[in-house]
Amino acid sequence: MGSVNITFAGPMDEESVEENIVISPAPEDPDRVYYSWYPSSASLHMWFPMDYSTTYSITIPAGVKDRYGQALASDFTLTFTTAAREPGLSILKAGNVGTFDAYGQPQITVYSWDTPRLDLALYALDRQELVRLASDYEAFHKFLPPADSLVRSWSQEVPDASLNETVRTGSALGLEDGGRLEPGYYFLRVLPADGDAGSGDRILLMVSKTHLLVKRADTQVLVWAVDMASGEALTNLPIAVYDQNGRRLASGETDDEGIFLETMSGEPNNWEPLYVEADRPGDVSLASSDWTNGISPWDFDLQQDYGPREYAGYIY
């Protein structure tokens, strides 16, 4: 939406102005042109969808009347050109945390506009830092990784970077020599060419050989662990369950079907996420009950209840 203010010498007949005003080029949807008058009908504020780098003219034609019935003697035309789109970008992601298969070559997709190049920087994290950033929206967006944690920085040219057009670009996250990223926790920052942090985007990454599925109940937690490549169940895999403050709530090993089911200690807060860590040699693996984008109950029009009830009834 763009907005325009027009001030008249005196109070106008609002209906007369709104019925006769002409916008060129005309908005695709006339119902999305909005008007507001203040004070005493002497100043018009109007807004409607505007395209970037486009010249518009707004004409108030002769004959439009003021509050006292006097007509405008001649046309009034205001002409202006909107600015180009500010350079920016957005990482294609379901949330602030992404899981990547350590057996393959992780790649991200970035949508960008009005920039010829993407500048990327990948930093190593430990589990505690990833959990902290995943649990705290403000901390995540203000996070500045230490320079000595840098794994790799590189630039990716953006093909066909036309003015005001959104372009899709893929970039591999592997090492410069083409090697794969080691299993671990990472922080990725992407900026447009010569851009600042406000015009870029960021994401937390986990590169793992293990896939963990987490399901929680009021006092219990269920985990199913499988190998990313084969899909086979991981048996006798040590599992630990924590709250967002690092307090251990449950621990044990998966059974012969790769399933871990345990009652949690204390009184878990159902409104706070659980974090589940698997201890597999040569790998890292973490999952959270809060990482549910696209698979939450409401995504399937299902009701949910986070708190226990003394009675429950079922009708068949």
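**Exercise 1. Which residues form a nonpolar patch on the surface, and what is their accessible area together?**

Solution. Start with the members: Ile295, Phe300 and Leu302 form the patch, with about 340 Å² of accessible area together. Patches take residues with over 30% relative accessible area and no salt bridge, and nonpolar side chains (Val, Leu, Ile, Met, Phe, Trp, Tyr) are joined within 5 Å. A salt bridge here is a side-chain nitrogen of Lys or Arg within 4 Å of a carboxyl oxygen of Asp or Glu. Areas come from the Shrake-Rupley method with a 1.4 Å probe, and for residues only the protein chains shown count as cover. Strands (E, at least two residues) are DSSP runs, numbered from the N terminus.

A word on the model before going on. It is predicted: local features need pLDDT of at least 70, side-chain atom pairs count only at pLDDT 80 or more, and totals for chains, interfaces and linings use all residues. Residues are numbered from 1 along each chain as its sequence is written, and side-chain values use heavy atoms, leaving out hydrogens and water.

**Exercise 2. In what order do the three strands of the open sheet stand, and which are at the edges?**

Solution. The order is E7-E9-E12, with antiparallel pairing. Strands E7 (88-91) and E12 (166-172) each have a single partner strand, so one side of each is left without a neighbour in the sheet. From one strand to the next, the twist averages 30 degrees (axes are lines fitted to C-alpha atoms, and angles run from 0 to 180 degrees between N-to-C directions). Now look at one pair: E9 (residues 107-113) and E12 share seven bridges, where pairing needs at least two bridges found by DSSP. Val110 stands opposite Thr169 in E12.

**Exercise 3. Which residues stand opposite Tyr185 of E13?**

Solution. Take each neighbour in turn. E10 (residues 117-125) is joined to E13 by eight antiparallel bridges, and Leu125 faces Tyr185. E14 (residues 201-208) is joined to E13 by seven, also antiparallel, and there Met206 is the bridge partner of Tyr185. As for cover, eight of the nine residues of E13 (184-192) are buried.

**Exercise 4. Is Thr210 buried or exposed?**

Solution. Thr210 lies in strand E15 (residues 210-216). Its relative accessibility is 1%, so Thr210 counts as buried (under 20%; exposed is over 50%, partly exposed in between, with a 1.4 Å probe and protein chains only). Residues that Thr210 touches include Val226, Met228 and Leu234, contact meaning heavy atoms within 4.5 Å.

Notes: Helix = DSSP H or I, 4+ residues; strand = E, 2+ residues; numbered from the N terminus. Patch = residues over 30% accessible without salt bridge, like charges linked within 9 Å, V, L, I, M, F, W, Y side chains within 5 Å. Lists of a residue's contacts leave out its neighbours within four places in sequence.
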